[in-house]
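Colleague: I would like to learn how to read a model with several chains. Could you take me through it feature by feature?

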Amino acid sequence: MTERRRDYLTRRRLLERAAVGGAAIAVPSWLAACGGIGGGGNGNGDAGGDDDRTPRNIQISNWPLYIDIDEETRRRPTIQGFMDEYGVSVNYVEDVNDNNEYFARIQPALSQGRGIDRDIMVLTDWMAARLIRNEWVEPLDEEAMENKGNLVEALQSPNFDPERRFSMPWQSGMTGIGYNPELTGGEVTTIEQLLTDENLRGRVALLSEMPDTVGLVMLSNGDDPSQVEGGAFERAIQTIQQAVDRGQIRQFTGNEYSGMLARGELAACVAWSGDITQLQLDNPDLRFAIPEDGAMLWTDNMLIPTGGHRYTASLFMDYVYRPEIAAQVAEYVNFISPVDGAQEEMRERDEELAEDPLIFPDEEMLANTHIFDAEAADNQEYREQFQTLLGA
Amino acid sequence: MLHRRSWAVPYLLLLPGFLWLGLFFVVPIYYLAVTSLQTGDFSQGYTFDWAVGNYANAVTTYSEHLFRSVRYAGAATLIAFVIGYPLAYWIAFRGGRWKNLLLLLVIAPFFVTYLIRTIAWQTILTDQGPVVGVLRDAGFLDDTGRLLATSIAVVAGITYNFLPFMVLPLYVSLEQVDKRLVDAAQDLYASRAQAFLRVTLPLSLPGIFAGTLLTFIPAAGDFVNATLLGTPAQFMVGNVIQSRFLVVLDYPQAAALSFVLMSSVLVLIVLFARLLGTEKLMEQAR
Amino acid sequence: MSTAAATVSRPRRSAGARAWALARHHSLTVFAVLALAYLLIPIGVIVLFSFNDPAGRFNYTWQGFTTEAWRAPFGVPGLGDAMAASLQIAALASIVATILGTLIALALVRYAFRGRGATNFLIFVPMVTPEVVLGASLLALFLNLGVARGFWTIFIAHVMFNISFVVVTVRARLVGFDRSLEEAAMDLGANAWTTFTRVTLPLIAPAIFAGGLIAFALSVDDFVITSFNAGATVTFPLFVWGAARVGVPPQVNVIGTLIFLTAVGLMLANVLFQYRRERQAKGAA
């Protein structure tokens, strides 16, 4: 199979080069154009990944400020280290600012089987699941990855990639309850409290991320978000709708909740662990609570898009799975590191961070976290129901 | 520039702009039109089958959002006019050598991105902040009242962000008014107010029309202000299109709704132009 | 001019009327200054927060004063490049859009040609098209043409949506334009080109400048269309929107302030330069 994909690749690459001036590709292009904007469906063109096993210059797409930086040298130590060790250059582009928007940007090319000029992109679970399901990603070059085993157990077999053949976690985080005890007048430990407590009316926010918000509410309702079935989803939507109708919910936010919490517009909200860690540095009163019924665990994953250079991309993933490199990244980024051994390395760098349960949660904490059903996260009907709830 | 010129001149003048728009706007709009007539969803793919139902569905399901967009955009345009006209007048008539600098100050907020200036406003208007505090004390808001996450905040956000688009065209038109005409009117015993109403205001009508267009049209399609400053009850058509397109991946519906929005706004513009008298607004006075 | 005649025939006003006129005269200034302050308040807050000293990554509440961010304004990798890209694209796009838009405005206002009504109308359409669908459609086009996305595709997109704004702005000026000046010039023997460059253009220059400013503002602040067609180029809005997820560093405020100050500074210098030139010209005369 590799052989055939390779041939197709060469032919396709030539055709693509001719496209700029050539009429050869014009006809199929315009036919594709008549298909409108949406590509959709499975990737039926197989511009296979480059199977060449010499390190090559690569391009990485990641979220902004999601990797360690050195303000004095204006460099990114991890990237620099990788470049120096393997003698390649890395074009590190911080152009992922929203999963859906990034997807809308890459979808047209990937759906036609073309590459997107990237070798690694970092996207959240449910989006990674969508890409893997559509076969718009390349398999990892596992021979190049001796550190793959450093992946923490909790993340080793997600349902969208049970053997981690296509993705490796970059950073992880928990979704729970963030609150200000000064404004709530006490602890907030359950989602139910968030949604029904009179005291909190109008000062509560939920996330506009469906897997996070609905997942937590499902747990609160006693349903299992990792296997969405029966009327569980609808029940969760109902619960939220009631809260909205009552005026309990001020807004559905993206990460803007952090500002609202900091300024006191919110008393409590659904929040991401890493954000609360940062906010606490300026306002030690703020708290992050794992809801009694359970929290959600999300991961941003490194993937190799169609056309990416499998070998070098895998080398990079392997590089950041070295415990000392992982600690280097975690020290700056302050989200949950997916690498075993990073915590020990961290002890030598920053004792306090090494003991922070929001960066290195213990077994007990992780046992109470759940990962949202990736298939359900991508169900169009569910998405539509949630969006209608959001007002659009 | 007189009409004795050859017939080709207008077409030559139009050509470069039209080529650009033709390729980079009309073609994409064609794709959009094709998409609007498709059916399907992301997992199964989209097929073109003259699905005019998308349009009917768009109008019926989202009529509330459409009306809200028009209301908010209209309110914002009006307020922007009330704030912007005196400012534009002042710059045009009193600005002197500082005119260009003042105009630059008017668009200065755009140098820092939308997100940053909105965060700045949120900092000022926050529930625990001075502004809300004063309003609560004065009785305009009750004790738990707030400014953010309300329709007031959304309209205020839209107004603020489009104010420069009202001020600049108004300035353009006002700056051209010959002061001697105003003087002449006052010589003829008109009061300042009358001189303004009978001379300056009518002469600035093209600017008023232009400013209204540049404010209302983009404001009607806005979605960010509602997202950051509003609750679901404030969501506009732009939010729906954004949501259908990016999250639900219902491209045909998003496309159809876009065309519905576009047509609605254009109809309103035509009516508005009729109201003000098209000849005075878009064609050279002879 | 007519001043001598004017003062003779204008009726004498009472002291009260004059006081009222004075108050009214200044009330306009007061109002305008307030309006300008309203526009610039966020900039004040932004400048203030560039001196903030948060311990964490978020810059939301005032923690203390520091000049740390000012000492390393480009310390965040990618931020400076993003701003540079934004400014370059905005400068180029506003110039091109202004030229194309002015030409169209001239055609629309001064010539009665076939299709004029439709053109008038069609100019509005780009302004009213929602950015998200326009951006996606444009991306589809670029893909089908095999054009690599990056700096130039952003430039193309920005010119495209700016043209309409320039047309509407410049047209507001052309509509009320007094042709007699042009006719006078031609009567005095100037040909069409000279008339255009020496008479028309200077007179509509304020409108062209205003149109250019609008185009620049739209371009430097654009997010949605840019995000679709940016390729690997990151512009300032793209960077900030993404950074907001983990916290916008104070350096963003610093860079924003620097740009603002630079622009104002340049304009100020220009004004003072013109002033000196006029003084010298007057002196020489």
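Modeller: What follows goes from one chain to its contacts with the others, and then to a single residue. Keep in mind that this is a predicted model.

Colleague: How many helices and strands does chain B have?

Modeller: Start with the secondary structure, then look at the overall extent. Chain B has 14 helices and two strands. Its C-alpha atoms fill a box of roughly 75 × 70 × 35 Å along the principal axes.

Colleague: What share of the residues of chain B is buried?

Modeller: In chain B, 55% of the 286 residues count as buried. Contacts can also be sorted by separation in sequence. Among the contacts in chain B with a separation of 6 or more, 68% join residues 24 or more positions apart.

Colleague: How many residues does each side give to the contact between chain C and chain B?

Modeller: For an interface, count each side, then ask which elements supply it. Here 88 residues come from chain C and 86 residues from chain B. On the side of chain C, helix α2 (residues 15-49) gives the largest share, 13 residues. By class, that side of chain C has 70 nonpolar, 12 polar and six charged residues.

Colleague: And how many residues are in the contact of chain A with chain B?

Modeller: That contact takes 27 residues from chain A and 31 residues from chain B. On the side of chain A, α18(A) gives the most, with four residues. The classes on that side are eight nonpolar, 12 polar and seven charged residues.

Colleague: At what angle do helix α1 of chain B and helix α7 of chain C cross?

Modeller: Two helices are compared through their axes. The axes of α1(B), residues 8-36, and α7(C), residues 131-145, come within 8 Å and cross at roughly 100 degrees. An angle from 65 to 115 degrees counts as roughly perpendicular, so α1(B) and α7(C) are roughly perpendicular to each other.

Colleague: Which residues meet there?

Modeller: From α1(B) they include B:F24, B:V27 and B:Y31, and from α7(C) they include C:L134, C:L138 and C:L141. The contact of α1(B) with α7(C) has 11 nonpolar, one polar and no charged residues.

Colleague: Why can residues some places apart in a helix point the same way?

Modeller: An α-helix has 3.6 residues a turn, so residues three or four places apart point the same way.

Colleague: Why is α7(C) said to be largely enclosed?

Modeller: Count its buried residues. In α7(C), 14 of the 15 residues are buried, so the rest of the structure largely encloses this helix. Its length can be checked too: at 1.5 Å a residue, α7(C) should span 21 Å, and its end C-alpha atoms are 21 Å apart, which agrees. Just after α7(C), C:G146 takes a positive phi of about 70 degrees.

Colleague: Is B:M236 buried or exposed?

Modeller: A residue is buried if 20 or more other C-beta atoms lie within 10 Å of its own. B:M236 has 32 within 10 Å, so B:M236 is buried. Leaving aside neighbours within four places in sequence, its contacts include B:H65, B:R68, B:Y72 and B:F223. B:M236 and B:Y62 are 174 residues apart in sequence, yet their C-alpha atoms are 9.2 Å apart in space.

How values were computed
Residues numbered from 1 in each chain as written. Chains lettered and ligands numbered in written order. Predicted model: local features only at pLDDT ≥ 70, side-chain atom pairs only at ≥ 80, totals over all residues. Buried ≥ 20, exposed ≤ 12 C-beta atoms within 10 Å, placed from the backbone. Contact = placed C-beta atoms within 7 Å. Axes fitted to C-alpha atoms, helices over the stretch in contact; angles between N-to-C directions. Parallel < 35°, antiparallel > 145°, perpendicular 65-115°, else oblique. Nonpolar A, V, L, I, M, F, W, Y, C, P; charged D, E, K, R; others polar. Expected span 1.5 Å × (residues − 1).
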